[in-house]
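Dear colleague,

Please find the structure below, handed over for your use.

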Amino acid sequence: MNKIEYTARKLNSLKQTLIKSFEAINSTSNDPKYYYETIWDLMNQKSNIKEMFVKATLSKQIYLINISSILRKIQNNDESDILDNFLVELNKMYSEYNAMDKEQINIIIYTNIPIKLKSNDNLIETLKYFNLEIFEFSSYNFENELGLDDEIRYKFNCSKFLMLKYAADARDYEFVKSEALNAIYSFFGYITYIHRFNYDTEKWHINEITLDYKITDLQINALIGTNSRYEIFEIGRQYDIMSTSIKMDKSKKIDFNNHMPHECDLLKNVIKLNNNELYDKIKDYFCLYYISALENTIENSFRKFWSLSERIIKDIHGGMKDEKLVKYMEKLLKMCRYPDKIIQRVKFIKTKRNNLVHENIHGEITQSDQAIVKIIAENLILFLICYFNEVTDIGDYKSFYDL
């Protein structure tokens, strides 16, 4: 059976951190949680723990739940055996969880999408691309839920906004919750993208709809986890969520009744090709696009759109110096027929980005700077979608980009 194994020779830093953690768990003045995090980070560097946890659909939370008892078991062992004993106990814990039967775990996601769109065909079809579906209140098994009074049931059933569901078979609720967040952010990013990306180069600027510079109003404010029988996990902790989550203002920006642009049809073709590894990467880009679009300050949104653009280019071409990165961005805008007045701004924007990130110089980023970086990210995503049926992995895009 596969096990967690060390893959590095020098483990002294891990050993010393383990020893310090023993002191912390027996102290009333020293918080051991920082050592738990450091041990996890060191294990990520020196072992295959992250890979094994992902294979077993386990989350870091399982490690955090068990690490204290593991450390207490080995704290009195001979110092020369600490590393070996730690690995033995960690593998015991891993094996126990890995041997558990998987069960369906549902994550119910509160959104601010109006309930009237529940029967919208465009919305329903798009949700499927991201392993999401509309949650039906009638599926809930309230007979087994203790402590839910009629008022809470009424509010939960009569929400004015859609609740979505993400379901997966796993052994760990925290793992599925993390996957659900990625799915909903990717979905929100995609929806924001197809409604906010404007082909018209004469209208390249950002949509100035809100005064806080946010590009999207789509958001969630609660996740509720259930088992396969729709019984809520940790009902006492989530009681308040159910009573307050419906108070969000609906999004005023996204109208799913509008005709979906050409990118929607392109994404359908991407799904049909069934290249899951590459599609997962594109979904990650949509997730980052949403996070960038949700920022309500120009500087933060600018920085995140730049990071997304840089990541896509470097995923395709590999590492490169700033000068070459700028040239690739300029080449993209030229290929997409943006005017010179926009293209010539990229090298100056790169300088501003470096001043912000490395020198902590604020106040230089303008809304047009943010908008240019936004359209670079959008055209890169469009480039990936357009050539999806011509490639097998992200590196294959290089030949098309160079052409």
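Among contacts in the chain between residues at least 6 apart in sequence, what percentage join residues at least 24 apart? The figure is 78%, where contact means heavy atoms within 4.5 Å.

Please note that this is a predicted model, in which local features need pLDDT of at least 70 and side-chain atom pairs count only at pLDDT 80 or more, while totals for chains, interfaces and linings use all residues. Residues are numbered from 1 along each chain as its sequence is written, and side-chain values use heavy atoms, with hydrogens and water left out.

The chain contains 17 helices and four strands; these are DSSP runs numbered from the N terminus (helices: H or I, at least four residues; strands: E, at least two). Of its 403 residues, 50% count as buried. Buried means under 20% relative accessible area, exposed over 50%, and partly exposed in between (1.4 Å probe, protein chains only). The chain exposes about 20,300 Å², of which carbon and sulfur atoms supply 46%; the areas come from the Shrake-Rupley method with a 1.4 Å probe, and for residues only the protein chains shown count as cover.

Turning to the nonpolar cores, a core is a set of buried Ala, Val, Leu, Ile, Met, Phe, Trp, Tyr and Cys residues joined through side-chain atoms within 4.5 Å. The largest has 78 residues, and those with the most contacts inside it are I107, I109, L132, F187, L384 and Y397. Helix 8 gives the largest share of this core, twelve residues. Apart from this core lies another, of 32 residues, including I19 and M52.

There are also 17 aromatic pairs. Rings of Phe, Tyr and Trp (its six-membered ring) pair if their centres lie within 6.5 Å; planes under 30 degrees apart count as stacked, over 60 as edge-to-face and the rest as tilted. F188 and Y290 form a tilted pair, at 5.4 Å centre to centre and 55° between the planes. F188 lies in helix 8 (residues 173-196) and Y290 in helix 11 (residues 276-294), so the pair ties together parts that are 102 residues apart in sequence.

Yours sincerely
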